[in-house]
Amino acid sequence: FLEKEALFQTDKEGKYRKFFKQVITTQQFNRVLDVEKNNEFSKAAEGFEKLAESAGSSEEVRYKALSNAALNYQRDRRYDESLRVYQNLLKTFTSNETVKTGFKRLVQETLWAGVYDVSLQAYQTGLKSPSFNQDEKLSFLRTFVALSHGIEQLAKNAAQIVFEFKRLCVT
């Protein structure tokens, strides 16, 4: 579309094209924000991810869209999807403190919510990510080991309870 318009054919430096794309992106972003305001968090997250895919070379749009996608998945308690988006953000924006803070908030929320499988994956992500320093990785490691041990102990206790229940039912 942009290539066919006479205005853009004379735009040797790309100023008009860049301005027009910014206007379109802003409109798309605002439409997705309206979906978010209606508490349709999964739909908003998916919209933000599509916006990030279409961002092209605009790192700022990509960052903002993916950050909003991760947050909206988290609001909708789709922690696995939020983690997937944060993994992408941590790879692309390794030194961004806001991304790191959002990721840590997700890690804590998955633990508090009792979503241990996603929580373990999140702790592993933190351990492997170059975004975090040695102290942060040590903190991730401590909790990862404690959580792994706790889950193992819960499984043993559950197996013992099932065994005892079966024994009582037989007698």
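Setting aside neighbours within four places in sequence, valine 99 touches Tyr63, Tyr86, Leu89, Leu90 and Phe93, where contact means heavy atoms within 4.5 Å. The model is predicted, so local features need pLDDT of at least 70 and side-chain atom pairs count only at pLDDT 80 or more, while totals for chains, interfaces and linings use all residues. Residues are numbered from 1 along each chain as its sequence is written, and side-chain values use heavy atoms, with hydrogens and water left out.

Val99 also belongs to the largest nonpolar core, which has 35 residues; such a core is a set of buried Ala, Val, Leu, Ile, Met, Phe, Trp, Tyr and Cys residues joined through side-chain atoms within 4.5 Å. Among the residues with the most contacts inside this core are Phe48, Val85 and Phe103. Helix 4 gives the most to the core, with seven residues (helices are DSSP runs of H or I, at least four residues, numbered from the N terminus).

Attention now turns to the rings. The whole structure holds six aromatic pairs, counted when ring centres of Phe, Tyr or Trp (its six-membered ring) lie within 6.5 Å, with planes under 30 degrees apart stacked, over 60 edge-to-face and the rest tilted. Tyrosine 123 and phenylalanine 140 pair edge-to-face, at 6.0 Å centre to centre and 70 degrees between the planes. This pair links helix 7 to helix 8, across 17 residues. Phenylalanine 132 and phenylalanine 140 have centres 5.1 Å apart and planes at 80 degrees, so they too are edge-to-face. Phenylalanine 132 counts as buried because its relative accessibility is 4%, buried meaning under 20% relative accessible area (1.4 Å probe, protein chains only). Tyr86, Phe103, Tyr123, Phe132 and Phe140 form one aromatic cluster.

Key: Buried < 20%, exposed > 50% of the residue type's maximum accessible area, 1.4 Å probe, protein only. Helix = DSSP H or I, 4+ residues; strand = E, 2+ residues; numbered from the N terminus.
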